[in-house]
Amino acid sequence: MSPQPTADAFGFVFDNSYARDLEGFYVTCHGAPVVAPEILRLNTALAVELGLNPAALNTPEGARILAGASVPTGAAPLAMAYAGHQFGGFSAQLGDGRAVLIGEVIDQNGLRRDIHLKGSGRTPFSRGGDGKAVLGPVLREYLMGEAMHALGIPTTRALAATATGELVRRDADLQPGAVLARVAASHLRVGTFQFFAARGETDRLRQLTDYAIARHDPDLIGQPDNALLFLRNTIKRQAKLLAGWMSVGFIHGVMNTDNMTISGETIDYGPCAFMDQYDPATVFSSIDRQGRYAYGNQPAIAQWNLARLAETLLDFIATDTEAAIRIATAEVGAFDEIFEAEWLGLMRAKLGLTTAAPEDDALVQGFLKALDGQGADFTNSFRALADVVRGQTGALRAQVTDPDSLSDWQEGWQARLACDGVAPDIRAEAMDARNPVYIPRNHLVEAALAAAASGDMAPFDQLLAVVAQPFAARAAFRHYAEPAPDSFGQYRTFCGT
Ligand code: AMP
Ligand code: MG
């Protein structure tokens, strides 16, 4: 019997399956030395969930570890190889160019979690990049991930944001350097599979598939058509994720295949943002000039990305390529139906429906259509529906420029509600638990990041506290639920690296 590994002072008990089982799929490498690491924010609750000791991490040596300058006992830092379709064009070699996976821990719930440092310095995959990250994007990823988690949508999460004490050049500016310690169910991406498929490394691809199955679909271990079933499960996980995003108005902004996980968690919060006024064509990212990753396109893009995953698995689906393509195509085609069902389930709950009826899809579409082009705030319009159930229509009518245009829809909706006889107060309460009051509103995110850049973390902390409880209306935080003032103008996001 091998001795049980014991936790060090920080609580780390690493069990690094990726390093151990997938030699040749990564390059071992270390973070760069750091001038003056300082933990800006530590996610204490998450640290505890991971079995770590927050007090020990909140020390100078903890800061060095979280910045990548010191390797904790049992860690095996490495940069993962991956490829990816970026805005439709294929790059055969991307990989962790500014991040290292330091290892895996088993959390308090028995789940394996990656601990990964983003911005810890150059790796063999850096190409021309500096391997660094800067404060604004690191804090943005921290905030957005925690907001997403609180909304109940699967996501990678921030364990810590650590300032490096150095200045990093970004365009014409020098910005404070920072490292994000990120936790994920795994960092396997569609692009990880594409990397080995593009090189024709079928044995490695099979090895990777088996690893992914062991990690995310252990029920499939040893099953004869498990590559196909793994594809099916990954499609289901992504359909569910996309339904979650769509239900809260989230726009990822850079849905490249290297930014799409196998686990079904949201990853890589770059130019992402929550939609304010409802408009399916909404795009915030300055690099997305064609609107490829617009709000309304996201499910179709996810399906396109899953087709790229399916292509890498063909050899394991059937020996005859034609047959494999036919089977995989049908599987990817099923995304639509799975997504629709997931989405409709979420939207029904948002409308306060507790039963299913054939006309519900049209009812949801009817509401969205009534909001479109009316300047209606997506989040607040849904939240206002519970008020209508409580007998107050003012908040909903105030959302749209022409309130009378809502009347017909409202009549149909209320007739539908009457069919599933739930007491109004109980229904309204259930709706409040599904329609958030607080999302990380773009103007507030920008204000919090600007304050943090000048050394004031209070607005960031306040916003984080508000979005960490998105469903509980609190009078003191009323302005956090208000749309951006007109002076904020058209919002643009940047792929902050
Ligand atoms: P992302 O846009 O963060 O999804 O990254 C896309 C690819 O570019 C990945 O291979 C990253 O590792 C790489 N990359 C992004 N920023 C940097 C940087 N500052 N230095 C090196 N590589 C980078
Ligand atoms: Mg990425």
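What follows is a chat about a predicted model of a protein chain with its ligands.

Me: Why is Asn259 called buried?

Reply: The word applies under 20% relative accessible area. Asn259 has 11%, so it gets the label. Asp268 passes the test too: its relative accessibility is 13%, and therefore it counts as buried.

Me: How do you know that Asn259 has a polar contact with ligand 1?

Reply: You look for a pair of N or O atoms within 3.5 Å. A side-chain N or O atom of Asn259 is 3.1 Å from an oxygen atom of ligand 1, so the pair qualifies. As for cover, the protein hides 85% of the 480 Å² of accessible area that ligand 1 has on its own.

Me: What about the backbone of Gly97 and Lys132, and which atoms of ligand 1 do they meet?

Reply: For Gly97, a backbone N or O atom lies 2.6 Å from an oxygen atom of ligand 1. For Lys132, a backbone N or O atom lies 3.5 Å from a nitrogen atom of that ligand.

Me: Which residues come nearest to ligand 1, and what classes make up its shell?

Reply: There are 18 residues around ligand 1, and Gly95, Gly97, Arg98, Asp130 and Gly131 come nearest. The shell splits into 2 nonpolar, 8 polar and 8 charged residues. Gly counts as polar here.

Me: Where is Thr266, and is it buried or exposed?

Reply: Thr266 sits in the loop between β11 (250-251) and β12 (273-274). Its relative accessible area is 0%, which is under 20%, so Thr266 is buried. The side chain of Thr266 also has a polar contact of 3.0 Å with that of Trp245.

Me: How is the chain divided into domains?

Reply: Domain 1 takes 17-184 and domain 2 takes 353-432. Their C-alpha centres lie 42 Å apart.

Technical notes: Residues numbered from 1 in each chain as written. Chains lettered and ligands numbered in written order. Predicted model: local features only at pLDDT ≥ 70, side-chain atom pairs only at ≥ 80, totals over all residues. Heavy atoms only, no water. Buried < 20%, exposed > 50% of the residue type's maximum accessible area, 1.4 Å probe, protein only. Near = heavy atom within 4 Å. Polar contact = N/O pair within 3.5 Å; in protein donor to acceptor, adjacent residues only side chain to side chain. Areas by Shrake-Rupley, 256 points an atom, 1.4 Å probe, with all protein chains shown as cover. Domains from an automatic or database assignment. Helix = DSSP H or I, 4+ residues; strand = E, 2+ residues; numbered from the N terminus.
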